[in-house]
Amino acid sequence: DPIYPKQALNNEWEGTVIVEVLVSKFGKPLRIKITQSSGYVSLDQSFVRTIKEYYTFEPKRVGGIDQRGLVQLSYSFNLEV
């Protein structure tokens with residue numbers, strides 16, 4: 001899970017981030033585009049950073065060959081957890 005930024009905790013910021021990830025044929029994120037912001041840059045960036053550093057994906061397969069593909073992900077930062 002992404003780290004809840006300290007500034008966001010202190011200000012009780014919550015929100016859902018939706019991103020589109022271009023995944024390489026090796027399953028690594030190549031590009032991450034925020035398609036819906038949480039409303040807070042620090043929350044958005046925390047999720048993007050987590051994807052870049054920790055996520056790997058199953059590459060898209062077409063005819064038995066691994067190819068680039070798009071994946072949509074979302075994460076909700078919620079203080080009631």
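**Close-up 1. The salt bridge between Asp-66 and Arg-61.** In this view the side chains of Asp-66 and Arg-61 meet, with 2.6 Å from N to O. A salt bridge here is a side-chain nitrogen of Lys or Arg within 4 Å of a carboxyl oxygen of Asp or Glu, and by this rule the count comes to one. This is a predicted model, in which local features need pLDDT of at least 70 and side-chain atom pairs count only at pLDDT 80 or more, while totals for chains, interfaces and linings use all residues. Residues are numbered from 1 along each chain as its sequence is written, and side-chain values use heavy atoms, with hydrogens and water left out. How accessible are the two partners? Asp-66 is partly exposed, with a relative accessible area of 29%, whereas Arg-61 is exposed at 55%. For these labels, buried means under 20% relative accessible area, exposed over 50% and partly exposed in between, using a 1.4 Å probe and protein chains only. As background, side chains of opposite charge can pair when their charged atoms come close.

**Close-up 2. The stacked rings of Trp-13 and Tyr-40.** Rings of Phe, Tyr and Trp (its six-membered ring) pair if their centres lie within 6.5 Å; planes under 30 degrees apart count as stacked, over 60 as edge-to-face and the rest as tilted. By this rule there are five aromatic pairs. In the pair shown, the centres of Trp-13 and Tyr-40 are 4.5 Å apart and the planes are at 10 degrees, so the rings are stacked. Trp-13 sits in the loop between helix 1 (6–10) and strand 1 (15–23), and Tyr-40 in the loop between strand 2 (29–36) and helix 2 (41–54), so the pair ties together parts that are 27 residues apart in sequence. These element names come from DSSP runs numbered from the N terminus: helices are H or I with at least four residues, strands are E with at least two. Trp-13 is buried, at 18% relative accessible area, while Tyr-40 is partly exposed at 27%.

**Close-up 3. The edge-to-face pair of Tyr-75 and Phe-77.** Here the ring centres of Tyr-75 and Phe-77 lie 4.9 Å apart with their planes at 75 degrees, so the pair is edge-to-face. Both Tyr-75 and Phe-77 are buried. Which cluster do they belong to? Together with Tyr-4 and Phe-47, these two residues form one aromatic cluster.

**Close-up 4. Phe-47 and the largest nonpolar core.** A nonpolar core is a set of buried Ala, Val, Leu, Ile, Met, Phe, Trp, Tyr and Cys residues joined through side-chain atoms within 4.5 Å. The largest one has 16 residues, of which Val-19, Val-21, Phe-47, Ile-51, Leu-73 and Phe-77 touch the most other members. Strand 1, helix 2 and strand 5 each supply at least two residues of this core. Leaving aside neighbours within four places in sequence, Phe-47 is in contact (heavy atoms within 4.5 Å) with residues including Val-17, Val-19, Leu-73 and Phe-77. Pro-2 and Tyr-55 are also among the contacts of Phe-47.

Close-up 5. Seven of the nine residues in strand 1 are buried. On the strand 5 side, Leu-22 stands opposite Leu-70. The hairpin of strand 1 and strand 2 has five residues between the strands, where Gly-27 takes a positive phi near 90 degrees.

**Close-up 6. Glu-20 in strand 1.** Which residue in strand 2 does Glu-20 face? Glu-20 stands opposite Lys-33. With a relative accessible area of 23%, Glu-20 is partly exposed. Beyond residues up to four places away in sequence, Glu-20 touches Arg-31, Ile-32, Lys-33, Thr-35, Leu-70, Val-71 and Gln-72. The C-alpha atoms of Glu-20 and Ile-34 are separated by 6.4 Å, although the two lie 14 residues apart along the chain.

Definitions and conventions:
Two strands pair if DSSP finds at least two bridges between them.
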